[in-house]
Amino acid sequence: MPLHESLIDVKPFSMRLHVHGDLDFFLGPRTRGGQVERRLSEKTSVKDVIESCGIPHPEVDLILVNGKAVNFAYAVTADAEIELYPPGIQYSDFREKRLQATIVTEFVADGHLGKLVRDLRLLGIDVAYDRVAKDRQLVEIASRNNRALLTRDRRLLMHAAVQHGYYLRSQNSLEQTIEVLRRFDLGSILSPFSRCLRCNALLEPTEKEKVISQLEPLTKIYYEEFRRCTGCGQVYWLGSHFTKLQKRLEEIRANLGS
Ligand SMILES: [Zn+2]
């Protein structure tokens, strides 16, 4: 039985990675011009090569090895020039070799991203979120329900079971919201005030008399239109919180357009 076949059969070899778009974000500060050199002495999947340079695989949409498009499982065994492209770059060739789904509209966010989640739900986007979810739960939700994982944890995004995901570059929630809208091209599916900010379920219009027992005295007097969450029962109306949310929406829209 050939033990350690890969170690015996493969001579040491080197490869040069060229990254395009904003993928150089993931390379160390000493890396110049989006290029990294790697030397290996055993057969290695191109996914492992890419991630050893700090780039999580969901950030890579096209891999060319010596000019040929490959998938993440492709084994590198000899000297190679490797080109990496992020999603969103327009290239006419290799259209069918893209590694990331072109349409992703459902997400799961890791526990540190409460403000981003609120923004996205405000825009009507489906984001699963549990502040205390463990890493393995996030990976499971992402892979089982085909949701894209939003995180600032590079290791988590590198998990083999994660198919789609995005590493948030900014630590500012408004900038993060814009990043997600742009990365997944969500501009055309936004539906503000259609989803519960607390539990992510959809809202439906409801009659005042059905929710009147849940309302404060002044709300009972001043408001006539209500929506209720189909998940947790939370009632929404055009009160002062609505004005604040609308301001936030305007802020997001202004930044998205710029
Ligand atoms: Zn709810």
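**Cores, parallel sheet and zinc site of the predicted model**

The largest nonpolar core comprises 34 residues, of which Ile55, Ile63, Ile82 and Leu84 have the most contacts inside it. A nonpolar core is here a set of buried Ala, Val, Leu, Ile, Met, Phe, Trp, Tyr and Cys residues joined through side-chain atoms within 4.5 Å; buried denotes under 20% relative accessible area, exposed over 50%, and partly exposed the range in between (1.4 Å probe, protein chains only). At least two residues of this core are supplied by each of strand 1 (13-19), helix 2 (46-52), strand 4 (62-65), strand 7 (80-85), helix 4 (135-144) and helix 5 (154-157). Strand 1 contributes the largest share, four residues. Helices (H or I, at least four residues) and strands (E, at least two) are DSSP runs numbered from the N terminus. The model is predicted: local features need pLDDT of at least 70 and side-chain atom pairs count only at pLDDT 80 or more, whereas totals for chains, interfaces and linings use all residues. Residues are numbered from 1 along each chain as its sequence is written, and side-chain values use heavy atoms, with hydrogens and water left out.

Leaving aside neighbours within four places in sequence, Ile55 is in contact (heavy atoms within 4.5 Å) with Val19, Leu23, Phe26, Leu27, Ile50, Val60, Leu84 and Met158. Another core, of 32 residues, lies apart from the largest one and includes Leu113, Val117, Tyr166 and Phe193.

An open sheet of four strands shows parallel pairing in the order 9-8-10-11, where two strands pair if DSSP finds at least two bridges between them. Strand 9 (126-129) and strand 11 (165-167) form the edges, each pairing on one side only. From one strand to the next the twist averages 25°; axes are lines fitted to C-alpha atoms, for helices over the stretch in contact, and angles run from 0 to 180 degrees between N-to-C directions. Strand 8 (residues 106-109) is joined to strand 9 by four bridges, and Ala109 stands opposite Tyr129 in strand 9. Helix 3 (residues 114-122) packs on the sheet, touching strand 8, strand 9 and strand 10 (148-151), and its direction makes about 150° with that of strand 9. Helix 6 (residues 173-183) also packs on the sheet, through strand 8, strand 10 and strand 11, with its direction at about 140° to that of strand 11.

Three bridges link strand 8 to strand 10, with Ala109 opposite Leu150. Strand 10 is likewise joined to strand 11 by three bridges, and Leu149 stands opposite Gly165. Ala148 and Leu150 point one way from strand 10, Leu149 and Thr151 the other, and all are buried. Helix 6 is largely enclosed by the rest of the structure, because nine of its 11 residues are buried. These buried residues pack against strand 8, helix 3, strand 10, strand 11 and helix 9 (240-257).

The zinc ion has as protein donors the SG atoms of Cys196, Cys199, Cys229 and Cys232, lying 2.3 Å from it. Donors are N, O and S atoms within 2.8 Å of the metal (3.2 Å for Na, K and Ca); water is not among the atoms, so sites may look incomplete. The donor residues follow the spacing C-x2-C-x29-C-x2-C. Cys196 is buried, with a relative accessible area of 0%, whereas Cys199 is partly exposed at 31%.
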